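Me: Hi! Could you walk me through this one? I'd like to start with the fold and then get to the ligand.
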Amino acid sequence: MSVAAVVLAAGKGTRMKSAIPKVLHPICGLPMIAHVVKNLREAGVGRIIVVVGPEGQEIQDLLGSEVEYVVQAEQLGTGHAVLQTEAVLKSHSGPLLVIHGDTPLYRAATLRELIKTHESSNASGTVLSVLVDDPTGYGRIIRDDEGAFAKIVEEKDASPEEASVKEINSGTYVFQCEPMFAALHQISPENAQKEYYLTDVLGIIKEQAGMVEIYTHDDHEEALGINNRVQLAAAEKILRNRIREKWMLAGVTMMDPDTTYVDAEVELEPDVVLMPFTFIEGRTKVASGSVIGPFARVRDCVVGENVAISQATVLESTLEPGCTVGPYSHIRAGCHLAEKAKVGGFCEIKNTTVGPGSKVPHLTYLGDTSVGSGVNIGAGTITCNYDGKDKHRTVIEDGAFIGSNCNLVAPVKIGAGAYVAAGSTITTDVPPGALGVARNRQRNIPDWVQRRSGKSSCQEEG
Ligand code: UD1
Ligand code: CA
């Protein structure tokens, strides 16, 4: 039977002390709630209904039409939040998974196990519990004398004896819709927080002779609920480790995993080497044989085979096989480095294509530039792409040679095979095959040094 899921994300997340909704805080480069949705999809969940607050537009903008939304106008508690989905789930007959938007660490296999336990036990509700050393902040699972489920007690309502229980409610459940909604209509906010607790539903089901199952999961890390920034950092650490292990087992070398940061959506091929202090972010893809780092940051890039990036920042760009970048260079958004292109030390390039085998070896700024193949750009070359108002393009055709320390004032074109003399400020096109020179002729003044020292010694005497 098809499984649907409700994701609770309407809470204010006050403990985060943030202007950003809690569930949009990123973990390994992906917003918390996007992890939850991804995990649900991997577990085979079909319909996903996200409960958002009145200010949930940002969440809807992020997740788009992939999921359905229900607005909880007032945040009256987790039970009240689930109740808002009654109308849209009217025709749903399969199991309903309820999960919080602030629990991003579940493995798909765990969620599948939970659903399986629920289905095979024929329970009306099944709660995922874990054992923790420090249960602070969580609801406690209270069992009866036979060890079966009795109720869940929130920390603020717990007696000292209940508070000492180390089996906690993860906030993830599977229900049958009918008994769940029936019980939701019976809960009341008579508790320490004056909220409608979803946790009370299980107690009610049990009291009314329904069956409640507990699925105790052995990895408590997966159930980590993020309420504050300390827990956010803890989740980040756990997920980073998992990502590293996944890629190392898939054939990626990490010389120092502790200082290698790989975001959740990155894709790496076997025999990629990541050196220490390296960040591979966003949706970057790196092909086999590439060596990245030390001290590199690569975000939202496509990196081909056998590319070397050392001590550089490379953003939103494509690097074809065999390129080299760095050290100490910044490749900004919109660059395309063709096969075996080189951007060496202390360069910045932006919205620029560099053709096959072309070299930008040192101390250069290229903005809004098209560089053809086999071009050599001398040290200190600057494209003057901005006139204070608009940006203009520079075109450097195949085989051109730009001498050191040139200014290319855009819009301007250097023709195929043309040369630009070192130190030139080029303001008009250089035709193919021509030499462009734009600098003052050198004049040597004979004996100038001697005459100057003669003069200064006169001054000293005077
Ligand atoms: C909840 C559980 C607790 C469990 C813990 C696990 C209840 C009453 N308590 O506590 O037993 O151990 O999760 O992490 O359920 N939300 C809404 N609307 C609301 C209130 C909350 O959508 O009116 C959403 C929040 O956005 C959040 C989730 O529900 O994603 C949980 O709310 P939160 O306030 O974090 O509950 P906890 O105090 O952590
Ligand atoms: Ca929580």
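Me: How many helices and strands does the protein chain have?
Reply: In this predicted model, the protein chain has 9 helices and 41 strands.

Me: And what radius of gyration does the chain have?
Reply: The protein chain has 32 Å, while a compact globule of 462 residues would have a value near 23 Å. The C-alpha trace spans about 110 × 60 × 45 Å along its principal axes.

Me: Good, on to the ligand. Where does ligand 1 sit?
Reply: You'll find ligand 1 in the largest pocket. Elements giving two or more residues to the shell around ligand 1 are β1 (4-9), α3 (78-83) and β10 (167-176).

Me: How many residues surround ligand 1, and which are the closest?
Reply: There are 23 residues around ligand 1, and the closest are L8, Q72, T78, E154 and N169.

Me: What about the backbone of G139?
Reply: A backbone N or O atom of G139 lies 2.9 Å from an oxygen atom of ligand 1.

Me: Last one: how much of the accessible area of ligand 1 does the protein cover?
Reply: On its own, ligand 1 has 760 Å² of accessible area, and the protein covers 91% of that.

Methods: Residues numbered from 1 in each chain as written. Chains lettered and ligands numbered in written order. Predicted model: local features only at pLDDT ≥ 70, side-chain atom pairs only at ≥ 80, totals over all residues. Heavy atoms only, no water. Near = heavy atom within 4 Å. Polar contact = N/O pair within 3.5 Å; in protein donor to acceptor, adjacent residues only side chain to side chain. Areas by Shrake-Rupley, 256 points an atom, 1.4 Å probe, with all protein chains shown as cover. 1 Å grid on protein atoms, 1.4 Å probe; cavity = no way out; pocket = protein on both sides within 12 Å on 5 of 7 lines; lining within 4 Å. Sits in = over half its atoms within 2 Å of the grid points. Helix = DSSP H or I, 4+ residues; strand = E, 2+ residues; numbered from the N terminus. Rg over C-alpha atoms; globule rule 2.2 N^0.38 Å.
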